[in-house]
Amino acid sequence: MRRVLLVDDNPHAQRMGTEILAQEGYDVRGVTDGAAVFDGLREFAPDLVLADIAMPEHSGYEICERIKSDPALEHVKVVLLVGALESLNKEEAQRVRADAVLHKPLEPSVVAEIVAPLLAGTGNGTPLRRSPVKAAGELEAAVEKALRRPEPPSEAQVHAAVVLAVESALPLFVDEVTRRVVESLRQPR
């Protein structure tokens, strides 16, 4: 069974990604910060890493660069995850030799379409070797494909985007409501 390490600090993205990948038959482990990914690489020995580009500690770009520059890990495929409100730096993705890009919220069919071919030639200690020129061309094609979003978005995509937005805004909302309640309680009556 192929192993996938999912690196994303957003709990909702973690749940969605884990569910999608598990349904596709992959053994999935999630980590929520960039520092923990390196322990996961040693302990879990994944065939593929999905790494959010906007992470505390280490960005997806940094994670990819470290994996691809380590001779013991260079066979590990790396897919960069880009949030709905984030912009992909194509030149940086190519420089760090990312294998593909996926946009969040994750859509099951798109995840399968990107991940399955990457893992088709890996596993069981037999890394898939590709020339850097071919890999760069494939990455560029994958980036272009990922940037073309089908119109209109599906209900599931809209729902996932709304959930991500609400989960992101909720801590600020709770802080603001708490501040206002405390303020009103302190006012003389």
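Predicted model: local features only at pLDDT ≥ 70, side-chain atom pairs only at ≥ 80, totals over all residues.
Student: Let's start with the overall layout. In what order do the elements of the protein run from the N terminus on?
Tutor: The protein has 7 helices and 5 strands. From the N terminus on, the order of these elements is β-α-β-α-β-α-β-α-β-α-α-α.

Student: What share of the residues in the protein is buried?
Tutor: Buried here means under 20% relative accessible area. The protein has 189 residues, and the buried share of them is 39%.

Student: Which elements give two or more residues to the largest nonpolar core?
Tutor: That core has 25 residues, and Leu5, Val7, Val37, Val49, Ile63, Ile67 and Leu80 have the most contacts inside it. The elements that each put in two or more residues are strand E1 (3-7), H2, E3, helix H3 (60-69) and strand E4 (77-82).

Student: Now Asp52: does Asp52 count as buried or exposed?
Tutor: Asp52 sits in strand E3 (residues 48-52). The buried class is under 20% relative accessible area. Asp52 has 2% relative accessibility, so it counts as buried.

Student: Which side chain does the side chain of Asp52 make a polar contact with?
Tutor: Not counting residues up to four places away in sequence, Asp52 touches Val7, Asp8, Asp9, Ser59, Gly60, Leu81, Glu86 and Lys104. The polar contact is 3.4 Å, and the side-chain partner is Lys104.

Student: Which residues are linked with Lys104 in a network of salt bridges?
Tutor: The side chains of Asp8 and Lys104 meet in a salt bridge, at 2.7 Å from N to O. Both Asp8 and Lys104 are buried. In the network, Lys104 is linked with Asp8 and Asp52.

Student: How far apart in sequence are the parts that the pair Asp8 and Lys104 ties together?
Tutor: Asp8 and Lys104 meet through their side chains in a salt bridge. Asp8 lies in the loop between E1 and helix H1 (11-23), and Lys104 in the loop between E5 and H5, so the parts tied together are apart by 96 residues.

Student: What is the peptide bond from Lys104 to Pro105, cis or trans?
Tutor: Pro105 is in the loop between strand E5 (100-103) and helix H5 (108-119). Most peptide bonds are trans. From Lys104 to Pro105, though, omega is near 0°, and the bond is cis.

Student: What is phi of Ala45 near?
Tutor: Ala45 is in the loop between helix H2 (36-44) and E3. Most residues other than glycine have a negative phi. Ala45 has a positive value, near 50°.

Student: And what is phi of Arg97 near?
Tutor: Arg97 is in the loop between helix H4 (90-95) and E5, and at 42% relative accessibility it counts as partly exposed. Its phi is also a positive value in a residue other than glycine, near 65°.

Student: Which helices does the salt bridge of Arg95 with Glu65 tie together?
Tutor: The closest N and O atoms of Arg95 and Glu65 are 2.7 Å apart. Arg95 is partly exposed at 46% relative accessibility, and Glu65 is partly exposed at 33%. The pair ties together parts 30 residues apart in sequence, because Arg95 lies in helix H4 and Glu65 in helix H3.

Student: By about how much of the helix are Arg179 and Glu183 separated?
Tutor: Their side chains meet in a salt bridge of 2.7 Å, N to O. Arg179 and Glu183 are 4 residues apart in helix H7, so the separation is about one helical turn.

Student: Last one: what area does the nonpolar surface patch with Val181 have?
Tutor: Val181 is in helix H7 (residues 155-186) and is partly exposed, with a relative accessible area of 42%. The patch also includes Val158, Val162, Phe173 and Leu185. Its area is about 770 Å².

How values were computed: Residues numbered from 1 in each chain as written. Heavy atoms only, no water. Buried < 20%, exposed > 50% of the residue type's maximum accessible area, 1.4 Å probe, protein only. Polar contact = N/O pair within 3.5 Å; in protein donor to acceptor, adjacent residues only side chain to side chain. Contact = heavy atoms within 4.5 Å. Patch = residues over 30% accessible without salt bridge, like charges linked within 9 Å, V, L, I, M, F, W, Y side chains within 5 Å. Areas by Shrake-Rupley, 256 points an atom, 1.4 Å probe, with all protein chains shown as cover. Salt bridge = Lys/Arg side-chain N within 4 Å of Asp/Glu carboxyl O. Core = buried A, V, L, I, M, F, W, Y, C linked by side-chain atoms within 4.5 Å.
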